[in-house]
Amino acid sequence: MTKTKIINYIGGELVPPVSNTFFDNIEPATGKPYSLTADSDEQDVANAVVAAESAFNTWQLTSIDERAAVLMRLADLIDQNAEALAQAESVDNGKPVSLAQQVDIPRASSNIRFFAHAITQYASESHTMANEAINYTLRDPIGIVACISPWNLPLYLFTWKIAPALAAGNCVIAKPSEITPMTAFLLSSLCQQAGLPPGVLNILHGYGHKVGEAIITHPKIKAISFTGGTKTGAHIASLAAPKFKKLSLELGGKNPAVIFADICNDEPDLDTFDDVVTQVARASFANQGQICLCSSRIYIERPIYEKFKRALIAKVSQLNVGDPKDVNTQQGAIVSQQHLNKILSYIQLAKEEGGTILLGGEQRYIEGRCNEGYFIEPTLIEGLPLNCRTNQEEIFGPVATLQPFDNTEEALALANGTEYGLAATVWSNNIKRCHSFAQQLDFGIVWVNTWLMRDLRTPFGGMKQSGVGREGGVEALRFFTEAKNVCIKY
Ligand code: NAD
């Protein structure tokens, strides 16, 4: 059977790469190639820039109502094709199809719909100087911008970037991860059907170090919105900063969950404890732990440490690891052989560092269709100090460590004790304590008694090595526009 060729979307057309070369795209659940991805290079970037440049003249002057309308049509088309997109996302990434159906694809259309609405409400400021002058700030589109996204939430994060960029009137050169290109490719045809003018969005496929780097170094690309690993982000910043390109970097995390003993204080509402156990399990293992916001360091106040540990082990051991296509699967495949090896090497490291494996710790073999797929047992580890590599470096897989703490100060020091600062969760019945604790956490996002509850109007991003800048709501529209102050003297 001939394999689908994942090709570029340039100037409104689906076109093969100039080099006409492709590489295998692997299905993680089977370990087998199932499609071919365009191996694009700087020639394709040059073509995309020409298309974007000519489209920008019109798109920047297109009314916000018209821009919003075409984006709404695109969001509707994603909804109409939701099941096919969810199946495609699950095959391409290895995530359970139920997760793609419930989270990834609905969120992709919400992203686009949200920014289609947001642009119609976007206003700039004016500052009057009594009887002397008025200042007003123009917020014009930047021009041609780059959006580069990772493999863990493919269409979800791809649309999270392109939607505000397009709504604000920019033309976009976007690149999904070479590991999960399929749904961005399928989106190309939906853009054609929605009537997005040619060249407004261009989607290039291929390797980060090749076509990705050609995009970010192209002199006509003035802003880069990047989500991915911290090391890649640092490399991109080193190339883009001397060229004074605008940069938004959403990077890695090593997120703590802090659980206070007072979650057991609310008798007769005994459900709280079980609910926290369920939610912490979800926060640590959703998408096989491959969400930048997943909790990977679980800190539990000592009086409930053993009880919570036992309950968490019981909960996580019930997670159904299996074929992502099966609607009952809760833990699908790891995204690639390389990433599987990385996660297994961290589990080995945890043992060498003195950790005790409480649950899992091994590769999982699934019979039948998936017998060569990349599966790992959800893994819980205890007995490791804060300053070991297992607790300092991002593993980005179904692995979490547990550690007791004795007081709030210690919990804070543990939670803040890494170079990352993306997302923290706090679990307590004492709201006053939660508020004060949240204030002292060095994280861009703090969830109290919940996880992954997202309001798209809120600022999203990390501190320290988790990134620079914020996405979401007005922050994204600010990033994708250039501010110009005009001062008129009366
Ligand atoms: P990655 O850094 O390897 O790749 C991300 C993207 O960058 C891919 O599209 C890749 O092709 C491209 N790329 C790689 N090298 C490049 C280069 N030299 N120039 C231009 N583009 C290049 O990351 P990944 O492995 O795909 O994703 C996992 C990482 O993403 C994890 O660290 C995770 O924490 C992070 N992440 C962060 C967030 C967030 O919002 N902060 C969200 C999701 C994932």
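Let's start with Glu 306, which makes a salt bridge with Lys 309, their closest N and O atoms being 3.3 Å apart. (A salt bridge here is a side-chain nitrogen of Lys or Arg within 4 Å of a carboxyl oxygen of Asp or Glu.) Both residues belong to helix α10 (residues 305-317), and they are three residues apart, about one turn of the helix. Helices (H or I, at least four residues) and strands (E, at least two) are DSSP runs, numbered from the N terminus.

Is Lys 309 buried or exposed? Lys 309 is buried, with a relative accessible area of 11%, while Glu 306 is partly exposed at 43%. Buried stands for under 20% relative accessible area, exposed for over 50%, and partly exposed for anything in between (1.4 Å probe, protein chains only).

## Ground rules

This is a predicted model, where local features need pLDDT of at least 70 and side-chain atom pairs count only at pLDDT 80 or more, though totals for chains, interfaces and linings use all residues. Residues are numbered from 1 along each chain as its sequence is written, and side-chain values use heavy atoms, with hydrogens and water left out.

## The other charged pairs

How many salt bridges are there? The count comes to 17. As background, side chains of opposite charge can pair when their charged atoms come close.

One of the bridges joins Arg 369 to Glu 27, with 3.1 Å from N to O. This pair ties together distant parts of the chain, 342 residues apart: Glu 27 sits in strand β4 (residues 22-27), and Arg 369 is in the loop between β16 (363-364) and β17 (375-376). Glu 27 is buried, at 9% relative accessible area, whereas Arg 369 is partly exposed at 35%.

## Around the ligand

Where does the ligand sit? You'll find it in the largest pocket. On a 1 Å grid over the protein atoms alone, a pocket is an open set of points where a 1.4 Å probe fits, with protein on both sides within 12 Å along at least five of seven lines; a molecule sits in one if more than half of its atoms lie within 2 Å of its grid points.

There are 29 residues around the ligand, and Ser 149, Glu 178, Thr 232, Leu 251 and Glu 394 come nearest. To be near, a residue needs a heavy atom within 4 Å of the molecule. Elements that each supply at least two residues of this shell include α7 (208-217), β11 (221-227) and α8 (230-240), and α7 gives the largest share, four residues.

A polar side-chain atom of Thr 232 is 2.6 Å from a ligand oxygen, and a backbone N or O atom of Gly 208 lies 3.3 Å from an oxygen atom of the ligand. Leu 251 has a polar backbone atom 2.7 Å from a ligand nitrogen. Taken alone the ligand exposes 850 Å², and the protein buries 89% of that (Shrake-Rupley method, 1.4 Å probe).

Methods. A polar contact is a pair of N or O atoms within 3.5 Å; within protein, one must be able to donate a hydrogen and the other to accept it, and residues adjacent in sequence count only if both atoms are side-chain atoms. On a 1 Å grid over the protein atoms alone, a cavity is a set of points where a 1.4 Å probe fits but cannot get out, and a pocket is an open set with protein on both sides within 12 Å along at least five of seven lines; lining residues have an atom within 4 Å of a point.
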